[in-house]
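Subject: Structure for your review

Dear colleague,

Please find the structure below, together with its sequence.

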Protein chains: 2
Amino acid sequence: MVIKSGTIQFKENPSIASTGVVVGPTEKKSTFAESFDEVLLLENEKGETFEQAHTHFIEKACKETLRKGHEKLENVDVFIGGDLVNQLSPTNFAARELAIPFLGVFSACASSVESVILGSLLLESGNAKSVLAGASSHHPSVERQFRYPLEYGAQRPGTSQWTVTAAGFALLQKHAKNAPIITHATIGRVVDGGQKNPLFMGAAMAPAARDTIERHLTNTNSRMADYDVIMTGDLGKIGLSILKEMFQDENSGVILQDAGAQFYGEDEFFKAGASGAGCSAAVYFSYVFNQLKSGVYKRVLLVATGALLSPLTFQQGETIPCIAHAIECRMEKRG
Amino acid sequence: MVIKSGTIQFKENPSIASTGVVVGPTEKKSTFAESFDEVLLLENEKGETFEQAHTHFIEKACKETLRKGHEKLENVDVFIGGDLVNQLSPTNFAARELAIPFLGVFSACASSVESVILGSLLLESGNAKSVLAGASSHHPSVERQFRYPLEYGAQRPGTSQWTVTAAGFALLQKHAKNAPIITHATIGRVVDGGQKNPLFMGAAMAPAARDTIERHLTNTNSRMADYDVIMTGDLGKIGLSILKEMFQDENSGVILQDAGAQFYGEDEFFKAGASGAGCSAAVYFSYVFNQLKSGVYKRVLLVATGALLSPLTFQQGETIPCIAHAIECRMEKRG
């Protein structure tokens, strides 16, 4: 089927065979902590740079994904991933270790879903049997690059979000047994609402999320009420409330949820919630995946959101362009 | 067909309907200058930051591609691109202007071919009719980020290469009339030969190019002599000679060529030649495309090469992981 404004319909039943989520010590406080596969005790081991540690989170998550999927690395055709560090260094170094064909992607915190869309396309076109796809972020690596080194102890306003340390990956295979199927995807457009504040990214990203959700619903001839949940990636508490106001749908209050808003519960230390490429990856590939597997969710729309800013564009006074990529997952009745 | 070690066989005849290449003032000196669509007189207009200028090169190249392909922007389903600036800001900002669904990719100077591979997959799977795919680099933007601001006048060793200012894009459509067809692609693996010198990237990238070429030839059951040319992206003069030594093929001396090695001819100012994500994009989407269109080339393998280093990984003493993505293009007898 040809794209209608960026929406893809998959006909060959690409599915999520297994997932692996490895998080850092702070993420033990997450609402979703029990769904994560492994919680590491340290952000980095002795002698490791933050970025090397970041790489190891990715490698561990991939290993866990394969272990749970009973699949060997040599049977995986392609590895697809991205992160927030300049030039995707942590993902590149993990790809060096995995040593299988690799596609690097960047759409900031929307990279998790971009990876899954491309992996599904590879399966759909018959050009792969198994793909590892996902994304990650690492708090100390990302904060010192985008904002301040943690040692500065910079004050954070109430609109700010906490970059999670997490790597989340999925093993994609055609029609795996008892696995959620990826039925559709909507590729994001870059939307810029004119926001400039890098400590209020929920407001910047909400218009991009709205654009993608609206196009997805229109192109698939669906209503919000058709979904158990429409979960954005990391709009945070304030961004989510902005998004809800944008929709004139009576169901938006219940069905629209955000991984970042829920990630750390009501703990005020984390201000408006969680963010980072690993935020949506961690929640989608643990809690949401489990809810689909167990049949609690039957149809969900996962809308990873990314703020495409950089320290340089901020310093140059540019506004923050944003993007949101979506995948629709369904769980068929278990046979 | 299922991937054999990363090689894709396209069955639906994705083709390069048209191309657009816009370059900077220094690139007027290129061996390929007559093939470029537009040579701008300045690296940046008055009042523009280098990065804003970079964005405008991308926009102009896309516009030129559409003009030559007699296609309207609103008929293009997806825009795929990448560049070397942190967070792909120039490409993101161009995507904001284009306002169509967008996929950001990063494999450094191999991004041009990664974009084309993903665009071809979208066509192949029936999920798009028209895709704009390509990559770009901008000398002043890239040099000040990766090495030194140009004003420093830093000395360059003989192994160094000159980052080109160029944006090259292609309009991909299924079986366009009298257009080169993309028959196969090989997705690169990250290969690290242990090189650490960021001013000698040809040596770092040659092993990645070798890995991809070898896998492509093996997986497609081909020999080097089957191709009119196998053109790597930006190994430069020294990197190309290293690559030639790696092959025990009597034809490697003639058939193996490198866009970066030829880009500035024998002008010693440019040391080992050209580099940058725009280097392979500019040559593949102008000179090589024209040679295919006119039937001079009938079968070529284009192997864009990328060094996945960053200033940070260099400072941390890491070696340089590299990748090379390949597409095979054929020109059928004109009907």
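This is a predicted model. A search of the whole structure finds 24 salt bridges over all chains. As background, side chains of opposite charge can pair when their charged atoms come close.

One of the salt bridges joins A:Glu64 to A:Arg67, with 2.8 Å from N to O. The two residues are 3 apart in helix α1 (residues 50-68) of chain A, so about one helical turn separates them. A:Glu64 is buried, because its relative accessible area of 14% is under the 20% cut-off. A:Arg67, in contrast, has a relative accessibility of 53% and counts as exposed.

In chain B, B:Glu64 forms a salt bridge with B:Arg67, and the closest N and O atoms are 2.8 Å apart. Both residues belong to helix α1 (residues 50-68) of chain B, where they are 3 residues, or about one turn, apart. Here B:Glu64 is buried at 15% relative accessible area, whereas B:Arg67 is exposed at 54%.

A further salt bridge in chain A pairs A:Arg189 with A:Asp211, whose closest N and O atoms lie 2.5 Å apart. A:Arg189 sits in the loop between β9 (181-186) and α5 (201-219), while A:Asp211 is in helix α5, so this pair ties together parts that are 22 residues apart in sequence. A:Arg189 is partly exposed, with 27% relative accessibility, and A:Asp211 is buried, with 13%. Together with A:Arg215, A:Arg189 and A:Asp211 are linked in a network of salt bridges.

Yours sincerely

How values were computed:
Residues numbered from 1 in each chain as written. Chains lettered and ligands numbered in written order. Predicted model: local features only at pLDDT ≥ 70, side-chain atom pairs only at ≥ 80, totals over all residues. Heavy atoms only, no water. Salt bridge = Lys/Arg side-chain N within 4 Å of Asp/Glu carboxyl O. Helix = DSSP H or I, 4+ residues; strand = E, 2+ residues; numbered from the N terminus. Buried < 20%, exposed > 50% of the residue type's maximum accessible area, 1.4 Å probe, protein only.
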